[in-house]
Amino acid sequence: MSISLNPWVWIAAFLTLSMMSFLYKDNIFYKIGEHIYVGSSAAFMLIYLWYFDVKPKLIDGFINNTGFSRWILIIPAFLSLLMLMRFVRPVAWISRWAIAFTVGMGAGLGITGLLQGFLVPQIKATILPLYVSGHSTLMTIYLSLNNILLILGTLSAIVYFYFSKEHTGPVKKISQIGITFIMVAFGASFGYTVMARISLLIGRVYFLLHNWLGLV
Amino acid sequence: MREFLEKAGNIDRRIIYLIIFLAVATTILVKARFKSSPLPEVQRSYKIINDLPSGSVVMFSIDYDASSMPELDPMLRAMLRHCFKKNLKVIMLGHWPLGLPLGQLALDDIAREYHKKYGTDYVFLGYRPGLQAVMLNLGKEIRSVFATDYKGTPLDSLPLMRNVHNYNDIAILVGLEAGSVGDAWVQFANARFNQKIILGSTAVITPDLYPYLQAGQIVGLIGGLRGASDYETLVEHPAMASLGMSSQTVVHVLIILLILLGNIGYFATRRKK
Amino acid sequence: MKREVPLFITFITGILIIIALFIPHKPFGQLQTTFNDWLIIVGGFTMILGLDSLLLHNWEKIKRKREGWLSAAFLIASFFITLFWGFGEGIFFHRNPFDASATFLRYFYTYIFVPLQSTMFSLLAFFIASAAYRAFRAKDPNSTLLLSAAALVMLGRVPGGQAVAPWIFAFVFLLLAYYFFNESKETSGTQQTVYIILAIITLILIYPVFYILLHYLDGIADWIMNIPQMAAKRGIWIGISLGGIAMSLRIIFGIEKTYLR
């Protein structure tokens, strides 16, 4: 066992325990830790903006490029300036022009990405044979049943979330099958979510026991 | 008996917190290890990278931050070890600014372990905002997005980058995901440019990525700490993820028993009413 | 002007991106690449849009000594310390603050930022355990199915789970049989017979369930993830993506204007 002598590790351990103190009761140490995190995250974004956006793309781009590819940078520079006008109350409305650009791009890219990258491939992947031949009768039944369940599960889950028609008659029956599949999916998601959350705790406890206290 | 069961269904939350903490701490302290065989999708991811010829370029995208570090950092380190062992070239970039330094630290650590040279064996590009715009423009020319690496060195002066221009020159893209960036990689890099993608994800979003695996839009999926631990087993370098899985087992059993206890208390109370 | 110009910009950019998907040649393909370039530059500035309200709100708290003013002081102090430290690396040491040799990365990020962020999220482990204990009840067939799937996946995806799961499920089946026997004592006639039969069936099923879980739990968890779970998620996400496409179209055609506020 060799407890760490690095003051930075002690600072990290203190901050870790401050945040964990919230489990007993909300207290000043937790609040301070939380506010330090928020304040430094905000500053982080500014630092990133300069070192990974403004400097390499605008400033270095303007210095190193020539001709048209240099002067065209005035347009995004102008749009960025418009975005910053949001901080100046009297002309804050002009930032909408820059925001409109980002929103329009986002909407266009969203549609194309979802159509080409999700809807079409996923629908294609749902078109499966209902009969799949295996190396034995049991395997044939297993593989065929899997495909049938896949198609049934996908379609019934879509029907469950279709609210333009009242869920009566056959629609009700199909959506009830859908909710069965959805419950299995949510159960599996819960299981994986528990795994994820516990992993985060394992990481912190490992830091305390290994890096700080040297017990592991 | 009924009163005991009712009380069992009403334990103070702080006692539950303490039990969970002690369960995790104890299993880490005793270094318990349980064996398991790697999941098929992790084995597939391992095989794909293992079969790459020496000198192939693998691009890593760091799309997580410290809140998902315990799951994805071990995964990243295991995969980097694999890549460097196989003499594959590594390019790293990211879309989560708050987490990118984690990727950089891991890359520097593992590269040092394998005596790899920056610029020749691995390059760190950094971050650019714009997400889908970045992914689309990378497909045309990497230099249109990253004219320089994170230090400001022009890409053409880096030996590794001389013959790498777009996705055609990248054998595999490995996305380490804690959010929806993985979906964007699939929808843009794979759908438009047929880029082969392996996704390593936190356990929270892993179930949502199975449709991509079944549709063939991704070629491998490494989910959560279990996936990281499996990959460590496959590269024969058990580390933090493998150590953490035993705690995972104990806490999972504990939570199931707590749910059981809660239900017993609930049904005992319901009966009484 | 104040609304018409932004709506026009949104329409033009959105439509261009959609057209460029179908006609990737000149001029649409090139325009898209250029617009993407601009988005990379302009998009970065969206990261800092909330800065003014964050700093002003906390400054007001300190100025008026409102409740929580000390925490607000730490927020503003940490903001400026981070800012000066990060930019100081570039100004005084001529290096990127994220360079391996930079103190910003080696000390601030590693020992202050990462512990705060990761510990904050690790608290969720406790909350999920407590919430599961308090709220997860097998009240009806659907919630029972959810719990069963969760238990099978939770135990099937961890090493050693295959050894423990049969015992847990056997115990659950035993409890269920006890429950049915108890219910049969409270009822009479056909209902009593049904409960007794259910109890007997539950007892008989204990061994087969035990055997199946002991040998096949990994495969069962795999099957749950790859078939029913995947199918339902695909259905859910198809619905979400249709909604996303509809919303994006509304934004492009100016029906949805909330972003202009």
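## Chain C

Read along the sequence, chain C of this predicted model follows the pattern α-α-α-α-α-α-α-α-α. Its secondary structure comes to 9 helices and 0 strands. The C-alpha trace of chain C spans about 80 × 55 × 40 Å along its principal axes.

Of the 261 residues in chain C, 38% are buried. Among contacts in chain C with a separation of 6 or more, 44% are between residues 24 or more positions apart.

## Chain A

Chain A has 7 helices and 0 strands, and from the N terminus on its elements run α-α-α-α-α-α-α. Chain A is more spread out than a compact globule, because its radius of gyration is 28 Å, well over the 17 Å that the globule rule gives for 216 residues. Along the principal axes, the C-alpha trace of chain A spans about 65 × 65 × 40 Å.

Buried residues account for 42% of the 216 residues in chain A. Of the contacts in chain A between residues at least 6 apart in sequence, 26% join residues at least 24 apart.

## Packing of H1(A) and H7(A)

Two packed helices are described by the angle between their axes and the distance between the axes. For helix H1 (residues 7-20) of chain A and H7(A), the angle is about 150 degrees and the axes are 11 Å apart. The crossing of H1(A) and H7(A) is left-handed.

On the H1(A) side, the contact is made by Val9(A), Ala13(A) and Thr16(A). On the H7(A) side, Arg204(A), Phe207(A), Leu208(A), Asn211(A) and Trp212(A) take part. Sorted by class, the contact of H1(A) with H7(A) has 5 nonpolar, 2 polar and 1 charged residues.

## Chain B

Chain B has 11 helices and 6 strands. The C-alpha trace of chain B spans about 75 × 35 × 30 Å along its principal axes. Buried residues make up 59% of the 273 residues of chain B. Where contacts in chain B are between residues at least 6 apart in sequence, 73% join residues at least 24 apart.

Helix H10 (residues 224-234) of chain B is largely enclosed by the rest of the structure, because 10 of its 11 residues are buried. The buried residues of H10(B) are Gly224(B), Leu225(B), Arg226(B), Gly227(B), Ala228(B), Ser229(B), Asp230(B), Tyr231(B), Glu232(B) and Thr233(B). H10(B) is followed by Glu236(B), which has a positive phi near 55 degrees.

## The nonpolar core

The largest nonpolar core has 212 residues. Val58(B), Val90(B) and Val153(C) are the residues with the most contacts inside this core. Helix H7 (residues 170-212) of chain A provides the largest share of the core, 19 residues.

Leaving out residues up to four places away in sequence, Val58(B) touches Ile49(B), Cys83(B), Leu88(B), Lys89(B), Val90(B), Ala171(B), Ile172(B) and Val174(B). One of these partners, Val90(B), is itself among the residues with the most contacts inside the core.

## Contact between chains A and C

The contact takes 92 residues from chain A and 91 residues from chain C. On the side of chain A that touches chain C, at least two residues each come from H1, helix H2 (28-64), helix H4 (74-84), helix H5 (95-126), helix H6 (137-160) and H7 of chain A. H5(A) gives the largest share of this side, 23 residues.

By class, the residues of the side of chain A that touches chain C are 63 nonpolar, 22 polar and 7 charged.

## Contact between chains C and B

Here the contact takes 48 residues from chain C and 45 residues from chain B. Helix H2 (28-43), helix H5 (103-135), helix H6 (141-156), helix H7 (161-186), helix H8 (189-226) and helix H9 (228-252) of chain C each supply at least two residues of the side of chain C that touches chain B. The largest share of that side, 14 residues, comes from H5(C).

The side of chain C that touches chain B divides into 29 nonpolar, 12 polar and 7 charged residues.

Conventions
Residues numbered from 1 in each chain as written. Chains lettered and ligands numbered in written order. Predicted model: local features only at pLDDT ≥ 70, side-chain atom pairs only at ≥ 80, totals over all residues. Core = buried A, V, L, I, M, F, W, Y, C linked by C-beta atoms within 7 Å. Buried ≥ 20, exposed ≤ 12 C-beta atoms within 10 Å, placed from the backbone. Helix = DSSP H or I, 4+ residues; strand = E, 2+ residues; numbered from the N terminus. Contact = placed C-beta atoms within 7 Å. Axes fitted to C-alpha atoms, helices over the stretch in contact; angles between N-to-C directions. Left-handed = near helix turned anticlockwise from the far one by under 90°. Nonpolar A, V, L, I, M, F, W, Y, C, P; charged D, E, K, R; others polar. Rg over C-alpha atoms; globule rule 2.2 N^0.38 Å.
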